[in-house]
Amino acid sequence: MPKKPAMRRGKPDRGPDKKRRHGPRLPRAMRQALDAMGNGTSRGSDDEEVSDAGAEDLYEYEEGVPEEEARKNGRYDDVAKYEYEFDSDASGADDNVTSEEEEDENDDGEDEEKQIRILEETTGMPKEAFSAKKKKQPLELPSQPGDGPVTIHDLLDNIQGKPGYSKVRKRLQQQEKKTMVVAAPLPKVEREKLERAVTYKEANKELTKWERIVKPNREASTLFFENDVNLGVNTIAAIANKFEPRNRFEKRMNEITQSNEIMEAHRNDGAKILELNKIDVEDVRERQNRLAKMRSLLFRHEMKAKRVKKIKSRTYHRMLKKDKLKAASADFEADPEAAKDYAMKQELKRAEERMTLKHKNTSKWAKRILKRGLSVQDEGTRAAIAAQLQQNALLTRKMNSMKDDSSSEESSDDDEDENDSEAKILNRGKERILKVLEEDKEIPNSGVFSLPFMERAMKKQQEAAYEEARQAVEEYDDSLRKLEDDSTERNEDSIKVTGKRTFGPAKNLPKDVNKKQKLEESENSDGEYDSDPAQHFGNNEATTKKDVQLGTALLDDEQNGLHKSFDVIMKNPGPKTTFEVGMLASDSWKTVKSSKGNGNSSVSGITNKSKIQASTVVPNPKQRDNNPDSDSDSDEEMVEGFLTISDTKENYELPSQAELIRQAFAGDDVEAEFEKDKMEVLNEENPEPEKPALVPGWGQWTDIQQKKGLPSWMIKEHDVAKRNREEALKRRKDSKLKHVIISEHVDKKVEKYLARNLPFPFTSKDVYEQSIRMPIGPDFNPAISVSALNRPAIVKKPGVVIKPIQYEEVNPHQKPDEPKRVIQRAIPHPNAKKVSAKQSKGATSHKRK
Amino acid sequence: MPTEGGFLEPEDEDLEKTYRVQQESILKEVDLLSSRKPFDMILPVLGPYTIDYTSNGRYMLVGGRKGHLAMMDMLNLDLIKEFQVRETVRDVAFLHNEQLYAVAQKKYPYIYNRHGTEIHCLKEHGKALKLQFLTKQFLLTSINSFGQLHYQDVSTGEMIANYKTGLGRTDVMRVNPYNAVIGLGHERGQVTMWKPTSVKPLVTMLCHNGSVTAVAFDRSGHLMATAGLDKKINIWDLRKYEVLNSYPTWAQSLDFSQKGLLAWSNGSEVEIYRDLGGHNYRLYMKHRMMKGYQVGKVLFRPYEDILGIGHSTGLSSILVPGSGEPNFDTFVDNPMETTKQKREKEVHALLDKLPPDTIMLNPNLIATVRAPKNKEKTKKEIEEEMEEAVESAKNIERKKKTKGRSKPSKRAKKKEEDVLRAKRPYLEQSKEVDGRPDKKQRIGEEVELPKALQRFAKKPQS
């Protein structure tokens with residue numbers, strides 16, 4: 001290779017042709033790759049180049065290798081390539097190709113082969129020819145440089161005599177005979193058109209591919225732009241993988257489970273695990289024995305329970321219960337929880353007892369016995385009944401409950417005898433009645449009450465009340481005595497105390513005693529007390545007291561109404577004032593009337609009625625002072641104002657003659673007027689067509705014309721207009737309502753609140769209108785659905801960067817509507833092609849619509 | 001519903017009548033809280049009184065004709081502010097809450113705040129006789145002595161509308177709570193309904209033969225009660241504009257309660273009627289004031305079983321079981337509102353304020369699809385009409401003409417022309433219905449263009 005050293009040495013020598021040779025070259029493919037990466041790297045790799053750059057800092061343009069030459073994937077058809085080769089040959093200025101080939105030859109055989117393949121393909125000659133030619137070329141070529149371009153004949157000479165030579169030559173000759181006609185390039189317009197068609201097709205393909213992604217986004221009601229928050233590992237398997245044994249037990253377990261033997265056994269179908277899991281025969285026997293023992297024990301226990309259950313002996317069961325209770329009580333001392341439980345249970349029982357009164361002689365048996373009389377019964381039955389009642393008393397006794405809300409009195413009384421407390425209550429009731437009686441004695445000695453008849457009435461009333469109270473007291477005493485009789489002598493002293501206050505022995509017991517009390521009495525006689533007497537007696541007391549008051553009220557009622565009203569007022573002070581003032585006001589009203597009658601009937605006299613009234617009613621001088629003040633301020637106005645009032649209110653009583661007539665004949669007038677009004681409105685909204693008329697002078701030239709009258713078209717037009725108007729009037733909402741005018745005027749301001757046409761997803765007007773009936777406000781919807789209903793078209797957290805849309809395969813058979821469309825993903829899809837931001841923007845703007 | 005409202009129920013309908021039940025006997029039975037609510041206030045000096053309640057029923061505004069103004073908290077019966085304006089007070093009205101209220105005085109309406117400070121003087125309204133406030137639109141409405149209707153936005157102060165009714169002086173005005181349409185009663189027995197965006201009344205009804213004395217609207221907005229000087233009280237169905245019921249009595253004032261009880265006053269008597277189903281109103285309760293009292297205004301207190309009465313010598317309130325809505329929605333009105341909630345609500349109300357254009361007879365119309373301007377005919381209808389026209393065209397008799405003009409051929413030709421002429425408009429119509437573009441505009445493939453123009457012809461896309 002003679003050229004090579006020259007190239008290396010004498011770069012300046014070859015100035016004119018400006019083409020530089022570089023030393024040993026990399027294979028072309030690699031160089032292209034390097035070029036693509038950037039210039040700097042390719043230079044850095046070349047040692048010589050560095051020195052060159054130091055020598056002269058020239059910008060070098062290195063032509064990229066055309067793709068055709070590279071023959072990348074056979075994309076270029078043969079014709080084009082042929083042209084190219086032809087061209088390069090024709091120019092003849094460049095023998096680089098060959099020189100390069102020579103250089104490459106040394107470096108690697110790969111390029112050689114490639115070259116040969118290219119040649120083979122172009123010429124269609126066998127491989128040997130080229131391999132031979134290649135060997136010869138270096139010898140031949142140097143002799144030719146000055147002569148001109150290398151023709152194909154020169155090349156042919158070299159392979160003369162080789163097999164297949166004649167074939168090649170023949171083809172060449174044939175080709176030379178035929179004049180080569182290259183088709184004229186298409187006109188620019190045509191070419192561009194073709195290009196556009198192709199581009200359109202390509203662009204179309206490129207864009208339709210996006211449709212599947214963009215369309216659902218466009219149709220989605222809301223788009224969410226959010227970055228996926230990766231929470232890291234969260235599956236159980238992942239957590240289990242990371243498990244590390246920490247304490248000894250875990251370590252031990254780990255040792256066993258992770259031991260080689262077991263792992264291997266697992267791997268080998270688990271058959272070996274069984275082997276590892278061998279148990280001794282003795283162990284098994286022992287276990288069996290243990291199980292059998294347990295079973296027999298269980299059986300025995302069961303049998304025993306059965307037997308025990310069959311036992312009917314009462315004594316036995318009583319003993320059992322006692323034992324249980326004992327155990328339980330021992331338990332209570334031990335833990336308060338159990339005690340509380342027990343108390344609750346007890347409370348429940350008590351409530352139940354109070355509800356059902358099961359032990360209060362309500363059973364059939366008890367009733368029967370009571371009917372026959374207790375005295376007739378034998379000892380045992382009596383005892384049983386007593387026991388039952390005892391139980392009832394026990395059960396229903398007011399307890400020191402867990403809630404601790406009962407009054408201190410009650411609780412303190414608890415341990416005392418019940419009789420004692422009862423007596424106390426009775427005493428209290430009596431005392432109260434006495435007090436009331438004493439209070440009643442006070443006679444109000446002022447105003448109306450000082451009148452003689454009032455005094456009499458009061459006395460009567462007092463007497464009645466006194467009588468009643470005495471009766472009540474006697475009742476109390478009676479019950480107290482009963483108590484006394486039944487109870488032990490312990491509460492003798494208390495009875496004595498009450499005895500001092502009694503009004504003597506009960507001569508005549510009143511018949512109208514409360515039934516409740518009777519009941520109680522009967523109970524008392526039985527020797528059984530209501531364990532909750534406070535309530536009953538409290539009630540009793542209240543009722544008696546009320547009775548007293550009511551009695552007085554009744555008396556009052558009979559006597560005179562005035563007193564009654566005052567009594568009522570005492571109870572509810574609200575209406576009291578009404579009555580009082582009402583009376584007074586009515587009085588004044590009468591006075592006003594009388595003044596009117598006196599002939600003081602000037603306008604002001606009538607109109608200022610209320611003023612007079614006010615002055616009569618209000619004795620307060622201050623207010624009187626105020627009155628003229630306000631009068632002077634708005635005198636005129638007042639009169640006017642009152643006149644209007646008198647118009648509407650007072651004149652009903654005495655309307656003037658004219659007024660009466662006007663009212664009497666008002667009806668006809670009003671209706672006719674309204675009809676007229678309605679016609680006016682109708683005419684305004686649908687004007688009546690003009691009567692057909694000719695312009696004066698037209699169509700009146702001759703007799704005939706005049707006889708004919710108006711032209712028929714005019715009449716026709718008029719008729720049509722008339723008919724139209726009638727139809728329009730018929731169509732009105734108020735056409736059938738005589739007394740109503742409904743304006744048909746279309747309000748343009750309202751039109752902006754109406755939808756011009758059906759919104760997108762709806763196809764029917766009714767469906768749409770139904771859908772907007774559902775309220776979306778917070779007043780009618782739960783908070784969650786409100787946010788869903790009013791969500792904006794795009795939901796984006798502040799700070800989230802909206803990335804361009806990414807392409808990915810969408811399964812066309814996927815469900816069309818997912819609840820939520822998340823556009824972005826944190827990690828871009830590896831295969832996804834990025835599209836320019838502009839495009840995505842366009843897409844989002846579409847979505848918004 | 002958490003609580004149910006109840007009425008006075010007689011055990012035996014024939015023997016016992018609910019209207020015989022007096023206030024005192026009701027008072028005996030009710031609980032302590034309710035028993036505190038009825039009261040009578042005798043204020044004989046400053047003339048007949050008118051009253052107003054806030055929408056949540058918590059506060060009451062009292063206006064005496066001679067200038068007495070007072071505001072009360074009805075929950076604890078506290079007097080919040082009482083003062084004298086020293087001129088005629090014709091009407092009072094709360095604005096959106098108790099913080100502000102309007103008072104129609106001698107010359108102009110004024111707006112005062114809770115403390116009695118004068119905030120505005122609305123001179124444009126003139127001598128207002130009656131005031132109403134549209135809560136959702138924040139509009140203060142007044143009718144003045146010249147029969148002019150004014151709408152003023154109280155949040156912006158803008159005068160929205162000012163219309164002359166042209167029907168004379170009236171002081172009968174009521175707002176329909178359903179659609180915020182204002183109802184006015186006039187001298188000649190008419191009731192007109194107005195909205196701020198229309199110069200003419202939406203509806204004019206002839207309700208009475210005498211002048212109208214009172215108008216009231218049901219909460220649902222479908223019922224209207226009117227009272228006239230012709231001694232009639234009519235109950236109207238506003239959907240059909242028909243009288244449902246008529247009662248031969250006078251009434252100076254009418255009011256519907258939230259639960260649909262109808263109260264009217266006549267002289268010193270107040271009667272309350274109850275709907276027994278099918279708009280059959282029967283007397284439910286009766287209350288007689290002292291003789292000589294003239295009841296000026298009856299007004300049910302919202303969310304309470306109470307009827308407020310303003311009369312010539314003060315005011316009183318009576319118990320009317322079953323009148324108020326027992327379950328309040330705190331999103332709408334809260335009688336137990338705290339100050340914070342009140343503030344919040346004010347802001348919300350302002351944010352949710354409706355523009356005045358949204359007032360219309362049927363508020364459900366908003367957001368529906370606009371009705372097409374002229375109803376389009378279907379294809380079938382057009383065809384039928386065309387056939388008819390063709391038939392009529394065929395039957396046209398032609399005049400006999402001379403000189404060969406009436407040759408059979410000519411006649412046939414003319415007939416054909418007639419038919420074509422009759423057909424043409426219908427053909428055009430059907431084309432429009434189809435939505436097919438006119439053929440003339442399309443330069444089709446079938447038309448052979450001259451060579452020079454062919455490049456402009458549309459070509460099928462490759």
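Begin by selecting chain B, which has five helices and 28 strands, helices (H or I, at least four residues) and strands (E, at least two) being DSSP runs numbered from the N terminus. This is a predicted model, in which local features need pLDDT of at least 70 and side-chain atom pairs count only at pLDDT 80 or more, while totals for chains, interfaces and linings use all residues. Residues are numbered from 1 along each chain as its sequence is written, chains are lettered from A and ligands numbered from 1 in the order in which they are written, and side-chain values use heavy atoms, with hydrogens and water left out.

Of the 462 residues in chain B, 51% are buried, where buried means under 20% relative accessible area, exposed over 50%, and partly exposed in between (1.4 Å probe, protein chains only). Among the contacts in chain B with a separation of 6 or more, 45% come from residues 24 or more positions apart, a contact being heavy atoms within 4.5 Å.

Next, select B:Phe138, in the loop between strand S10 (128–134) and strand S11 (139–144) of chain B. Its phi is near 55°, a positive value in a residue other than glycine, and at 2% relative accessibility B:Phe138 counts as buried. Then move to B:Ala367, in the loop between helix H3 (339–351) and helix H4 (379–394) of chain B, where phi is again positive, near 75°; with 26% relative accessibility, B:Ala367 counts as partly exposed. As background, most residues other than glycine have a negative phi.

Select B:Arg114 and B:Glu98, whose side chains meet in one of them at 2.8 Å, N to O. B:Arg114 lies in the loop between strand S8 (109–113) and strand S9 (118–121) of chain B and B:Glu98 in the loop between strand S6 (89–94) and strand S7 (100–105) of chain B, so the pair ties together parts that are 16 residues apart in sequence. B:Glu98 is buried, at a relative accessible area of 2%.

A second pair to display is B:Arg288 with B:Glu269, their closest N and O atoms being 2.5 Å apart. This pair links distant parts of the chain, B:Arg288 belonging to strand S25 (residues 281–288) of chain B and B:Glu269 to strand S24 (residues 269–275) of chain B, 19 residues apart. B:Arg288 counts as exposed at 59% relative accessibility, whereas B:Glu269, at 17%, counts as buried.

Finally, switch to chain A and select A:Glu353, in helix H19 (residues 336–356) of chain A. A:Glu353 is buried, at 3% relative accessibility, and, not counting residues up to four places away in sequence, touches A:Lys358, A:His359, A:Lys360, A:Asn392, A:Leu395 and A:Thr396. Which residues of H19(A) are buried? They include A:Ala338, A:Ala343, A:Arg350 and A:Glu353, and the buried residues of H19(A) pack against helix H18 (314–334) and helix H21 (379–396) of chain A. The tour ends at A:Leu357, which follows H19(A) and has a positive phi, near 55°.

Definitions and conventions: Salt bridge = Lys/Arg side-chain N within 4 Å of Asp/Glu carboxyl O.
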